[in-house]
Amino acid sequence: MNKNATGQGDPGYGSPCVHTVPNPADPGGQTLEIGERSEEILMIEPQMKNPYTYCFTTEVPYYQCDLSGKMKLSWLLKVMERAAGEHLEYLGLPYDRLYQEGIVFLLSKAGVRIHRCPTAADLLWVETSPQSVRGAQYNREIRVYAEKNGGPGELLAEIHTVWFMADPVERKILRPEKFTHPLPTIPPEEAMEPFGAARLRVTGEECGEQAFTVRYSHLDVNGHLNNTVYGDLVCDVLPFEELVNRGIREFRIVFRHEARYGEELGLQLFHDREENCWYVTGHRAAGPCFESQVVLNDTAESEDSVR
């Protein structure tokens with residue numbers, strides 16, 4: 001028997017524990033039909049959809065949206081990180097337990113494709129599944145949907161990630177044999193294209209450079225610049241008018257070396273006009289930190305962009 005977030009037994013895969021949360025703006029607490037979001041918000045307890053897919057619902061907070069009310073890239077990366085961490089917790093493998101076993105998972109690469117950008121207060125249905133291990137790489141996919149009638153509706157975004165298992169103290173990459181826990185993976189015929197694992201080569205004309213210093217608010221439990229902060233960092237380097245008017249359609253990032261408190265990163269912006277994309281790279285004093293690629297929407301598609 002599965003357990004939901006409340007610790008109660010769940011009869012089986014695909015049997016969601018559904019409850020509604022009254023909208024505080026509605027003092028009458030009137031009950032509406034599923035999908036009528038003006039009065040009541042449908043919430044689903046986190047659950048296993050099948051042996052390899054974990055799913056949950058989440059609402060897009062206003063404070064994680066931009067000046068046009070659309071979801072920020074950094075918040076989508078937070079959803080990515082939450083999905084991976086919560087899935088392991090659901091399986092009885094929280095961060096603390098893995099740390100005691102000498103294991104942490106560190107993000108190596110990520111790819112994001114935005115089909116339509118969520119806006120403030122939208123309710124999302126999120127699904128995540130591990131893919132087959134490739135060498136020392138743990139691949140994971142995340143699909144973000146509009147919630148519809150207690151399940152997934154329109155596909156809004158896809159995220160493919162590559163993780164390495166490392167020693168939390170020495171930061172050395174560990175082989176898969178170190179991980180002895182069962183972790184069912186999505187069948188290859190159902191798996192997302194591993195677009196986040198593709199190689200990234202920076203091209204184009206350099207357009208500018210600026211400095212960024214890692215501070216307390218940027219750090220996470222691993223003691224380094226959190227993965228999700230890179231979303232804001234990259235967006236802050238992109239040309240403001242281009243970003244606001246067009247928004248992001250695709251984003252990819254490759255992490256070369258973690259950045260720690262007090263380190264200064266030199267951020268460089270490149271524009272490849274032939275490929276119609278932008279690159280943002282970060283360098284530490286001791287070497288490269290990350291490379292990223294951003295593809296913006298065509299102007300006509302900007303209504304469906306993430307900014």
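The structure holds eight aromatic pairs; rings of Phe, Tyr and Trp (its six-membered ring) pair if their centres lie within 6.5 Å, and planes under 30 degrees apart count as stacked, over 60 as edge-to-face and the rest as tilted. This is a predicted model, in which local features need pLDDT of at least 70 and side-chain atom pairs count only at pLDDT 80 or more, while totals for chains, interfaces and linings use all residues. Residues are numbered from 1 along each chain as its sequence is written, and side-chain values use heavy atoms, with hydrogens and water left out.

Select Phe105 and Tyr138. Their ring centres are 5.2 Å apart and their planes stand at 80°, so the pair is edge-to-face. Phe105 belongs to strand S7 (residues 104–114) and Tyr138 to strand S9 (residues 137–148), so the pair ties together parts 33 residues apart in sequence. Strands (E, at least two residues) are DSSP runs, numbered from the N terminus.

Phe179 sits in the loop between strand S10 (151–166) and strand S11 (205–213), 74 residues from Phe105.

Now colour by accessibility; buried means under 20% relative accessible area, exposed over 50%, partly exposed in between (1.4 Å probe, protein chains only). Phe105 is buried at 18%, Phe179 is buried at 10%, and Tyr138 is buried too.

Next, select Tyr54, Phe56 and Tyr90, which form one aromatic cluster.

Finish at Arg113, which lies over the face of Phe195, 4.0 Å from the ring centre. A charge sits over a ring if NZ of Lys or CZ of Arg is within 6 Å of the ring centre and within 35 degrees of the ring normal.

How values were computed
Helix = DSSP H or I, 4+ residues; strand = E, 2+ residues; numbered from the N terminus.
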